[in-house]
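Please prepare a briefing on the structure below, with its ring pairs, its core and its local backbone features grouped by topic.

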Amino acid sequence: MAPLSLSLTSSDGDRFSQRHHLQTCALLCRAFLPRSQHHLFSSIKLTAGRVHEFYEILQRTPSIAGAVRTLHLVFYDGRCDWMVDGGGAEFVYILTSITQPTTSTSTLLCKLKLEGQRPSGSSIKSPQLFLERVFKPFLARFITSLHIETLANVPIDVIDSCVRLTELALVCASLKYGHTHTHTQSSPPRHKLRRLEYTDSGPVKQLTTQTRSRLDLSELRSLYVHMDSLSEATFEQWVIDESAGALEELCFKNFDDPQSQLRWFIDLKACSNLRILNFDVNLGHPTPGAYGVDLHTLSRVLSTLPKSTSLDTLRLTAYVGYVWTVDDPQDILNGDWAGLQSRLADIAAGKAFFEFAFRVMYMNANDEEDEGEGMGERCRAALDRLLTEKLDLLAKHPCISVVNLGHYVDTPHES
């Protein structure tokens, strides 16, 4: 009998469903159990309340430790006492287990996420203890990817202590520079990044423009920028230019704020290897004083690409509703789709394949559930009209695949 195989693909949209199927496979057949466990425990999230549960799992099945590639640590109110105090013996056992060398290097821990919760933006309490007892002895040697989210004043030693860092994400996070870090007498390591994501350019400026630059962007492949303000335009362009020769994926997101949009002109003329471009745009009729990006602006950005561009994928998220006087999602039809179609046809010329993916985010100002459900139907109808009436040339193009990513209705809340 041929050996059983379990083939899996992953995406952000179906993680919950995928986990359910993996659990089903593990129960269905003993032959599937090791493979299912490998995927189920490839990423673990630890809080003070979850440590004992995972500790007991490792006691029963030690081999699971070798499957962990991503570790997610949560700091409620910035607290890390459950990691560093006397009661942290089980946590230390977990760290020791998941960082042990295995016969397959692909199963070693390589990704770390540090996240603050309740309240957002808390500072790590006892940061030096966290550094000396947790981060440096167990994590700094292994991780190639570091994601810091909703944590303030994270010690720069967290970044300086890494020796293999190639991916960095700073999402609603800030860094703290002190005089007691490891590299006081010598220059800090300069990390050659392949992926960079940030919501605020301030910390990245500190890492790249100070006398002792900590980031080398010359081999950056992926750049995710959550748009902030017009005042940062020069720096954003500098990051693009620094990585232009290697950049393959560029993503401009607005991070849940429909007013934080692309308000300036981006020049991509040096990005000859750029393959994937993700954009958020505002469609509809902005209210007085509100900023927005329409399809014409996007077409202008695309016009700066070199003639020999490698671009083969454009993913577009259109925001309507909320701060705009938009009565109906049908207003997405009012954009300059003809100009965008023409520009995409030029880019796709001579290529074997080009993908244009589109979805609508309707920012619903009405909290009533019935209105939200009705808005979903209206969004779906607007998308259907868009595909048949405004994207007809792209749909008929022999090399262009138009992908309808659907819609999402959200209710923003003022903070």
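Nine aromatic pairs occur in the structure, a pair being two rings of Phe, Tyr or Trp (its six-membered ring) whose centres lie within 6.5 Å, with planes under 30 degrees apart counted as stacked, over 60 as edge-to-face and the rest as tilted. The rings of Phe252 and Phe279 have centres 5.4 Å apart and planes at 40°, so this pair is tilted. This is a predicted model, in which local features need pLDDT of at least 70 and side-chain atom pairs count only at pLDDT 80 or more, whereas totals for chains, interfaces and linings use all residues. Residues are numbered from 1 along each chain as its sequence is written, and side-chain values use heavy atoms, with hydrogens and water left out.

**Aromatic rings**
- The pair of Phe252 in strand β14 (residues 249-253) and Phe279 in strand β15 (residues 276-282) links distant parts of the chain, 27 residues apart; strands (E, at least two residues) and helices (H or I, at least four) are DSSP runs numbered from the N terminus.
- Both Phe252 and Phe279 are buried, where buried means under 20% relative accessible area, exposed over 50% and partly exposed in between, with a 1.4 Å probe and protein chains only.
- Phe356 and Phe358 form a tilted aromatic pair, with 6.4 Å from centre to centre and 35° between the planes; Phe356 is buried at 0% relative accessibility, and Phe358 is buried at 3%.
- Phe75, Phe130 and Phe135 are linked into a cluster by ring pairs.
- The charged end of Arg195 sits over the ring of Tyr224, 4.5 Å from its centre, the criterion being NZ of Lys or CZ of Arg within 6 Å of the ring centre and within 35 degrees of the ring normal.

**Nonpolar core**
- The largest nonpolar core has 102 residues, and Phe54 and Leu73 have the most contacts inside it; such a core is a set of buried Ala, Val, Leu, Ile, Met, Phe, Trp, Tyr and Cys residues joined through side-chain atoms within 4.5 Å.
- Helix α6 (residues 127-139) gives the most to this core, with six residues.
- Leaving aside neighbours within four places in sequence, Phe54 is in contact (heavy atoms within 4.5 Å) with Phe41, Ile44, Leu46, Ile64, Val68, Ile94 and Ile98.

**Helix α11**
- The twelve residues of helix α11 (residues 337-348) should span 16 Å at 1.5 Å a residue, and the end C-alpha atoms are 16 Å apart, which agrees; the expected span is 1.5 Å times one less than the number of residues.
- Trp337, Leu340, Gln341, Leu344, Ile347 and Ala348 are buried in α11, and they cover an arc of only 125° around the axis, which puts them on the same side of the helix, the arc being that of the directions from the helix axis to the C-beta atoms.
- The exposed residues Ala338 and Asp346 are carried on the face of α11 turned away from its buried side.

**Positive phi values**
- Asp77 is not a glycine, yet has a positive phi of about 55°; Asp77 is found in the loop between β2 (70-76) and α4 (81-84) and is partly exposed at 33% relative accessibility.
- Thr150, also not a glycine, has a positive phi of about 50°; Thr150 lies in the loop between β5 (145-149) and β6 (151-152) and is buried at 12% relative accessibility.
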